[in-house]
Amino acid sequence: AYQERLVAITTPTRRDEALGLDRLLGPLLELARQRAATGDAVLEHRAMLVVLAFYVNGKGLAALVPSARSWPAPARRLVVLGGRTDFPQHFTISAALAATAGSPLSDAVGLYKEVDDARRGSGFSFNDIAADRAGTRFGELVTGSPAGRARLQQVAARGLREADLIPDVRDLPEFMAEAEFVRRFGGVGAPPYRRMIADIEQRIAALALYRGG
């Protein structure tokens, strides 16, 4: 059902059109709300997040569900969050992991990627960590208490926006090679690192969507 909804959302769009994550998530959340009325709300939201994460990260669902090879495929489009293509990837992977495996695993995967980037990739980025943590909170929200899902539906009813999902993190340090990361923040677990993570958590917690815990 969620794959079909993605097909309906993406098919009318232009090939060169970038889609905001909120533009995809809003209709999918509405479908989850409708289906949860006669089903299991947690299972519906888990399924929604898995489908969304596979699409945003350019992976076919057939890797998880072999029968999906015969399903209609959504049109491939760039998905953006905060003007970036990496943020929705971080956000949706962490949300799906939090919804299906629990938040500790989700946080660990996000942190591992940043440490690996610091050594061999684009560098350690605290704003990527913020996207991971926001996604984790979202995954916890949609599969947690009914009150949390009700708060989400209230936000979605007036029109979901990017600013509802992730705070402004443009000022956070990024693209740090391992040596610079260790010099500035002492490595993972050091006091400067913990202060930066605490700041990120405070920014996320201040958003209305996550304010209720």
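1. Aromatic pairs. The predicted structure contains 9 aromatic pairs. One of them joins Phe124 and Phe181, whose rings are stacked, with 4.1 Å from centre to centre and 10° between the planes. This pair links distant parts of the chain, 57 residues apart: Phe124 belongs to the loop between helix H5 (103-120) and H6, whereas Phe181 is in helix H9 (residues 178-185).

2. Buried means under 20% relative accessible area. Phe124 has a relative accessibility of 0% and therefore counts as buried. Phe181 also counts as buried, because its relative accessibility is 5%.

3. Because Phe181 lies in helix H9 and Tyr193 in helix H10 (residues 191-205), the pair ties together parts that are 12 residues apart in sequence. Tyr193 has a relative accessible area of 6% and is therefore buried.

4. The ring cluster. Phe124, Phe126, Phe181, Phe185 and Tyr193 are joined into a cluster by ring pairs.

5. Helix H7. Helix H7 comprises 12 residues (146-157). From its first C-alpha to its last, H7 reaches 16 Å, close to the 16 Å expected at 1.5 Å a residue. Its buried residues are Gly148, Arg149, Arg151, Leu152, Gln153 and Val155. Just after H7, Gly159 adopts a positive phi of about 105°.

6. Arg84. Arg84 is placed in the loop between strand E2 (79-80) and helix H4 (86-101). Its side chain makes a polar contact of 2.7 Å with the side chain of Asp86. When residues up to four places away in sequence are not counted, Arg84 touches Val79, Asn127, Asp128, Glu174 and Phe175.

7. Arg76 and Tyr55. A further arginine, Arg76, is positioned over the face of Tyr55. The distance from the ring centre is 4.3 Å.

Terms used:
Residues are numbered from 1 along each chain as its sequence is written. This is a predicted model: local features need pLDDT of at least 70, side-chain atom pairs count only at pLDDT 80 or more; totals for chains, interfaces and linings use all residues. Side-chain values use heavy atoms; hydrogens and water are left out. Helices (H or I, at least four residues) and strands (E, at least two) are DSSP runs, numbered from the N terminus. A polar contact is a pair of N or O atoms within 3.5 Å; within protein, one must be able to donate a hydrogen and the other to accept it, and residues adjacent in sequence count only if both atoms are side-chain atoms. Contact means heavy atoms within 4.5 Å. The expected span of a helix is 1.5 Å times one less than its number of residues. Buried means under 20% relative accessible area, exposed over 50%, partly exposed in between (1.4 Å probe, protein chains only). Rings of Phe, Tyr and Trp (its six-membered ring) pair if their centres lie within 6.5 Å; planes under 30 degrees apart count as stacked, over 60 as edge-to-face and the rest as tilted. A charge sits over a ring if NZ of Lys or CZ of Arg is within 6 Å of the ring centre and within 35 degrees of the ring normal.
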